[in-house]
Amino acid sequence: MTEANGRLIEEEAERRLQQSLYPELRRILCNFRHGILTLYGVVSSFHVRQIAQELVQGLEGIEIIDNQLVVTAKEGSATPANGGMADGAGSTGFEEPELRKIPEVGRLGPASSDAL
């Protein structure tokens, strides 16, 4: 495969990413060499990272997609103290979040003591 053909594959991959509804995918860089398309950039979640890979999958000439996209936590979410990876939504993947019971103060209805 010639360098010109490689550049055409890069351009088609970039075109697919540019058409995405995710603005962050429009900033991804593509590099094609020897049958390997490498994706470079930063995205906000593993979901978006996977979408980027799926958008370029199936292009003729690509044998391997080397997804080098880096996932960064969204602003405002803390890095877990236990060393796990945050998904940007506060989840570390280690345990389920604690559910809190909403107090029933001032609730009216048949079960309420105020209805008596």
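## Arginine 15 in helix α1

A polar contact of 2.4 Å joins the side chain of arginine 15 to that of glutamate 12, a polar contact being a pair of N or O atoms within 3.5 Å of which, within protein, one must be able to donate a hydrogen and the other to accept it, with residues adjacent in sequence counting only if both atoms are side-chain atoms. Arginine 15 lies in helix α1, and at 37% relative accessibility it counts as partly exposed (buried means under 20% relative accessible area, exposed over 50%, and partly exposed in between, with a 1.4 Å probe and protein chains only). Its C-alpha is 9.4 Å from that of valine 56, although arginine 15 and valine 56 are 41 residues apart in sequence.

## Basis and confidence of the model

This is a predicted model, in which local features need pLDDT of at least 70 and side-chain atom pairs count only at pLDDT 80 or more, while totals for chains, interfaces and linings use all residues. Residues are numbered from 1 along each chain as its sequence is written, and side-chain values use heavy atoms, with hydrogens and water left out.

The chain has a mean pLDDT of 78, with 62% of its residues at 70 or more; pLDDT is the predictor's confidence in each residue, on a scale from 0 to 100. Over residues 76–97 the pLDDT is below 50, and this stretch has 15 contacts in the model beyond near neighbours in sequence, where contact means heavy atoms within 4.5 Å. Where pLDDT is low, the predicted coordinates should not be read in detail.

## Overall architecture

The chain has 2 helices and 5 strands, which follow one another from the N terminus in the order α-β-β-β-α-β-β; helices (H or I, at least four residues) and strands (E, at least two) are DSSP runs, numbered from the N terminus. Buried residues make up 29% of the 116 residues in the chain, and of the contacts between residues at least 6 apart in sequence, 52% join residues at least 24 apart.

Strands β1 and β2 run antiparallel and are joined by 5 bridges, whereas β2 and β4 pair in the parallel sense over 4 bridges; two strands pair if DSSP finds at least two bridges between them. Arginine 33 stands opposite isoleucine 36 in β2. The hairpin of β1 and β2 has 2 residues between the strands, and histidine 34, placed in the loop between them, has a positive phi of about 50 degrees although it is not a glycine. Most residues other than glycine have a negative phi. Histidine 34 is exposed, with a relative accessible area of 79%.

Threonine 38 belongs to strand β2 and is buried, at a relative accessible area of 9%. Threonine 38 stands opposite aspartate 66 in β4; leaving aside residues up to four places away in sequence, it touches Leu29, Cys30, Asn31, Asp66 and Gln68.

## Helix α2 and asparagine 67

Val48, Ile51, Ala52, Gln53 and Val56 are buried in α2, and the buried residues of this helix pack against α1, β2, β3 (42–43) and β4 (64–67). Just after α2, glycine 58 takes a positive phi of about 90 degrees.

Asparagine 67, in strand β4, counts as buried at 11% relative accessibility. Its side chain makes a polar contact of 3.0 Å with the side chain of glutamine 53, and, not counting residues up to four places away in sequence, asparagine 67 touches Leu39, Arg49 and Gln53.

## The largest nonpolar core

The largest nonpolar core has 19 residues, of which Leu17, Leu25, Ile28, Leu37, Leu39 and Val56 touch the most other members; such a core is a set of buried Ala, Val, Leu, Ile, Met, Phe, Trp, Tyr and Cys residues joined through side-chain atoms within 4.5 Å. The elements that give two or more residues to this core are α1, β1 (29–33), β2 and α2 (46–56), and the largest share, 4 residues, comes from α2. Isoleucine 28 touches Leu17, Leu39, Tyr40, Val43, Ala52 and Leu69, again not counting residues up to four places away in sequence.
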